[in-house]
Amino acid sequence: MGFLSDSQKGSAGGGGGGGGGKQCSLACGFKGLIRRKQVDSIHSKSSGTGHHQLAKELSVPHLIAIGVGSTIGAGVYILVGTVAREHAGPALTLSFLIAGIAAALSAFCYAELASRCPSAGSAYHYSYICVGEGVAWLIGWALILEYTIGGSAVARGISPNLALLFGGPDSLPAFLARHSIPGLGVVVDPCAAILVVVVTGLLCVGIKESTMAQAIVTIANVCAMIFVIIAGGYLGFKTGWTGYELPVGYFPFGADGMLAGAATVFFAYIGFDSVASTAEEVKNPQRDLPLGIGAALSICCSLYMLVSIVIVGLVPYYAMDPDTPISSAFASHGMQWAAYIITAGATTALCSTLMGSILPQPRILMAMARDGLLPSFFSDVNKRTQVPIKSTVITGIVAATLAFFMDVAELAGMVSVGTLLAFTMVAISVLILRYVPPEEVPVPSSLQASIDSVSLLYSSSSSTKDVEGHNPKDSIASDTESTKLLLGKVDEPVVYPLIPKQAACILNDNRRKIAGWTIMFTCVGVLLLTGSASSIGLSSFFRFTVCGLGGVLLLSGLVVLTCIDQDDARHSFGHTGGFICPFVPLLPIACILINVYLLINLGAATWTRVSIWLLVGVLVYIFYGRTHSSLRNAVYVPAAHVEEIYRSSESSLP
């Protein structure tokens, strides 16, 4: 006998009648949704073909370039006017600060998981390790939508800015200018499609080369923002900061308006998660990834705040142009020529964001294909450039086609869904890692001989202890307990006593159960609280009742998780020595609360479109991913003995 895999248990249980087979099929299907994979695929790479290796070329400056370039888009050149006029007024700077702090909560969670689990796939990878295959698939599928729509929307925004640089809306050459197809009402944008193709070609050359190109474009964008800060600061001191000398004061819309502005500008920080998607290509991920994520977010927050301080001081908030707030602010002080620098900054910002939007998707596709959830075609890595060229080309073709034919601006809300879902799941994964880290990990069924060898070794050791007065039944019972969670009900005793029984085992099991249920009820509380708080159409009594129930669940979960001990296994989970997220469980729970609130408030139209995409994803998983998953025949063994099993396997090779 050996460890039982899911498929082995299924065949054992389904040997009866048709009803038993149907029940087993349903049970195995559910188990498939919650099966979790190893921290990374180092062992599978070393034992399989070598072409899955990505080039380890990135250091902290490269990561900062990716993070800043992906985050600072042209939105900041427009967002300051809209938010100042409608929500925050002169308090716009505080809105950017609050949004930056909220984004930093997710950044802390990303930094810990990225340094512990430095493989391609970002939030998809972390969800697969900590939560399970079903949730990971939905996160990966949502991220595919996010990066495709995001890249296409950014590309469509570049040609108008380029036209302004060359003298006006109709100044681009005919082969680059937008054209309307008669009778169809479709406006094609050749410039957007060409730019996507160029960026795709850059990404195929190599990660280091494409990152250097992104760094150059990002530096040009940052220089334009620094010009706005310095020149605007000079004008402000010269004219007396007229925007701050208003009778309505610093908070014309009150604290509520400032917070509403923070919720709006929060989306200006979306993009730093692109850094985590390159984790496998970082030279020293335990040190460089947290530094890269933290530095990129800090730079973005500082630039946003400084630009907003200057602009709301130059022009009264109610007089701002919502479309070109920065250019019009300089023009009102006689500096019309500054519009060219600002437009150049907006153009370079869009180009940099376009690269940041397309870069992560091939790595998401590659990670999903490695796990068998997508065809292996997407997992191929070019031996010369060490880049997933096939996935990159497919991504570029789809994004270029969308950018050419569709005005995807109305679909831009769908980008936020993927990001906020990923942020939420990363925060939940940190809680799981700290309180209920996986006790068993999957190994390929082809290693059954090594599993038997290691198990026999511990069985012999247990027998020796029995001669000295110890009872081997204790060890067997402990092993049965340790494998029960993932393998389901054990009908016969497992004969491999890999984990010796200790007195604290029962207490630890209870602590894990309490922690697991508490995390689940905390998430339910967040959903009830944010959902009822956002549903203004409901009756007051029902709304406040549900809101109160959600608040009680949330606070109770926070108190319970604060009082109980975190799991000792967290110290050896994944790669150690990296960044540790502070203030757990408070920080991840606050992160979940903010992201779920923003998700719920994205609007019914956005959720309708996203639901259709997610439904398609469910069908793809049912008919392909579930049956091709690399874990469908995996054998789960206690995490403490995985290294021994792999060492035994390697030593048995000729």
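How many residues does α19 have, and how far does α19 reach from its first C-alpha to its last? Helix α19 has 23 residues and reaches 34 Å between these two atoms, close to the 33 Å expected at 1.5 Å a residue; the expected span is 1.5 Å times one less than the number of residues. Helices (H or I, at least four residues) and strands (E, at least two) are DSSP runs numbered from the N terminus. The model is predicted, so that local features need pLDDT of at least 70 and side-chain atom pairs count only at pLDDT 80 or more, while totals for chains, interfaces and linings use all residues. Residues are numbered from 1 along each chain as its sequence is written, and side-chain values use heavy atoms, with hydrogens and water left out.

Of the 23 residues of α19, 21 are buried, so this helix is largely enclosed by the rest of the structure. Here buried means under 20% relative accessible area, exposed means over 50%, and partly exposed lies in between (1.4 Å probe, protein chains only). A nonpolar core is a set of buried Ala, Val, Leu, Ile, Met, Phe, Trp, Tyr and Cys residues joined through side-chain atoms within 4.5 Å. The largest such core has 158 residues, and those with the most contacts inside it are Tyr 77, Tyr 110, Tyr 304, Ile 311, Ile 326, Phe 330 and Leu 354. Helix α19 (residues 413-435) gives the most to this core, with 15 residues. A second, separate core of 10 residues includes Val 443, Leu 447, Ile 451 and Val 637. Contact is defined as heavy atoms within 4.5 Å. When neighbours within four places in sequence are left aside, Ile 326 is in contact with Val 76, Tyr 77, Val 80, Val 228, Val 307, Ile 311 and Ile 342.

Helix α10 (residues 190-205) has 16 residues and spans 23 Å from its first C-alpha to its last, close to the expected 22 Å. Its buried residues are Pro 190, Cys 191, Ala 192, Ala 193, Leu 195, Val 196, Val 199, Thr 200, Leu 203 and Cys 204. The elements that cover them include α8 (133-156), α9 (158-165), β2 (186-188), α11 (207-239), α16 (338-358) and α18 (389-405). After α10 comes Gly 206, whose phi is positive, near 160 degrees. The structure holds zero disulfides, a disulfide being a pair of cysteine sulfur atoms within 2.5 Å. Cys 191 is accordingly in no disulfide, and the nearest cysteine sulfur, that of Cys 351, is 8.5 Å away. Cys 191 is buried at a relative accessible area of 3%, whereas Cys 563 is exposed at 61%.

Two helix pairs were examined by their axes, which are lines fitted to C-alpha atoms, for helices over the stretch in contact, with angles running from 0 to 180 degrees between N-to-C directions. Angles under 35 degrees count as roughly parallel, over 145 as roughly antiparallel, 65 to 115 as roughly perpendicular and the rest as oblique. The axes of α5 (residues 75-88) and α6 (residues 92-116) come within 10 Å and cross at roughly 105 degrees, and the two helices are therefore roughly perpendicular. In this pair, Val 80, Val 83, Ala 84 and Ala 88 of α5 meet Leu 92, Ser 95 and Phe 96 of α6. The axes of α16 and α17 (residues 360-370) come within 4 Å and cross at roughly 0 degrees, which makes α16 roughly parallel to α17. Gly 356, Ser 357 and Ile 358 of α16 meet Pro 360, Gln 361 and Pro 362 of α17.

Pro 285 lies in helix α14 (residues 285-314) and is buried, with a relative accessible area of 9%. Pro 285 and Ser 59 are 226 residues apart in sequence and 8.6 Å apart in space, C-alpha to C-alpha. Thr 518, in helix α22 (residues 505-534), is likewise buried, at 11%. Beyond its neighbours within four places in sequence, Thr 518 is in contact with Gly 557, Val 560 and Leu 561.

Most residues other than glycine have a negative phi, and most peptide bonds are trans. Ser 122, in helix α7 (residues 122-130), has a positive phi of about 50 degrees and is buried at 2% relative accessibility. Phe 583 has a positive phi near 55 degrees and is exposed, with a relative accessible area of 64%. The peptide bond from Val 584 to Pro 585 is cis, with omega near 15 degrees. Pro 585 is found in the loop between α23 (540-563) and α24 (586-600), where Phe 583 also has its place.
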